[in-house]
Amino acid sequence: MKRILLLSDMPPTPDYTAGIVLDQLTSFLPKNSLACFVVLNRFLHPKVPHRFRRTPTEYWEKPRENWVPFFRNKGWPVPMLCSAVTEVFTRQVRIRRIVREIIHFGLKRKVKALWCILEGQTIIRLALPVAEGLRVPLLTEVWDPPDWWMRDNQFYWFTRSEVLREFKRAISKSA
């Protein structure tokens, strides 16, 4: 049986809106055809429904996605510069490490497709490198426009433009 790897920042769960939607969508898949890799916000603690207890799932802590308020609240004099430095570190170190982990997880489970919920900059940055690393089709789903989300959360222009470029690449290479 072909197995799909779901890459999301929320597992199928009855606890959160995204989890409820995923719970409903995944209920249409044949039994044992799903594996999940969840890059989860460390402050969230979703409960996994009983029917997913046997689904191969790995959780990884999501890197902080918006550094600007953090540095502003700490009173740092140059929050934009600090944010730029931390973004580079996140992209070059943390994201690359998570990509390697997801590829290892997917290869071990012999997945044939990557289903990715393009929600937030972390998942957007992971989608294409993981699909290319696994050499599988990328199946994307978009719930919120990333430009709206980043504008609403006051991301600086350099992060917005980089993430939107990655988003466009992922969409254009989606199966």
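Colleague: Is Lys 62 buried or exposed?
Modeller: Keep in mind that this is a predicted model. Buried means under 20% relative accessible area. Lys 62 comes out at 13%, so this lysine counts as buried.

Colleague: Which side chain makes a polar contact with the side chain of Lys 62?
Modeller: Start with what surrounds the lysine, skipping neighbours within four places in sequence: Lys 62 is in contact with Asp 9, Val 39, Leu 40, Asn 41, Arg 94 and Thr 122. For the polar contact, the two side chains come to 3.0 Å, and the partner of Lys 62 is Asp 9.

Colleague: Switching to β1, why is that strand largely enclosed by the rest of the structure?
Modeller: Strand β1 covers residues 3-8. It's largely enclosed because, of its 6 residues, the number buried is 5.

Colleague: Which residue stands opposite Leu 5 in β4?
Modeller: β1 and β4 (residues 111-117) run parallel, joined by 5 bridges. Across from Leu 5, the residue in β4 is Leu 114.

Colleague: And on the β2 pairing, which residue stands opposite Ile 4?
Modeller: Here too there are 5 bridges, joining β1 to β2 (residues 34-40), and the strands run parallel. Opposite Ile 4 you'll find Leu 34.

Colleague: Through which helix does the chain cross from β1 to β2?
Modeller: The β-α-β crossover here is right-handed. Between β1 and β2 the chain passes through residues 17-26, which form helix α1.

Technical notes
Residues numbered from 1 in each chain as written. Predicted model: local features only at pLDDT ≥ 70, side-chain atom pairs only at ≥ 80, totals over all residues. Heavy atoms only, no water. Buried < 20%, exposed > 50% of the residue type's maximum accessible area, 1.4 Å probe, protein only. Helix = DSSP H or I, 4+ residues; strand = E, 2+ residues; numbered from the N terminus. Pairing = 2+ DSSP bridges. Right-handed = clockwise from strand over helix to strand, strands pointing away. Polar contact = N/O pair within 3.5 Å; in protein donor to acceptor, adjacent residues only side chain to side chain. Contact = heavy atoms within 4.5 Å.
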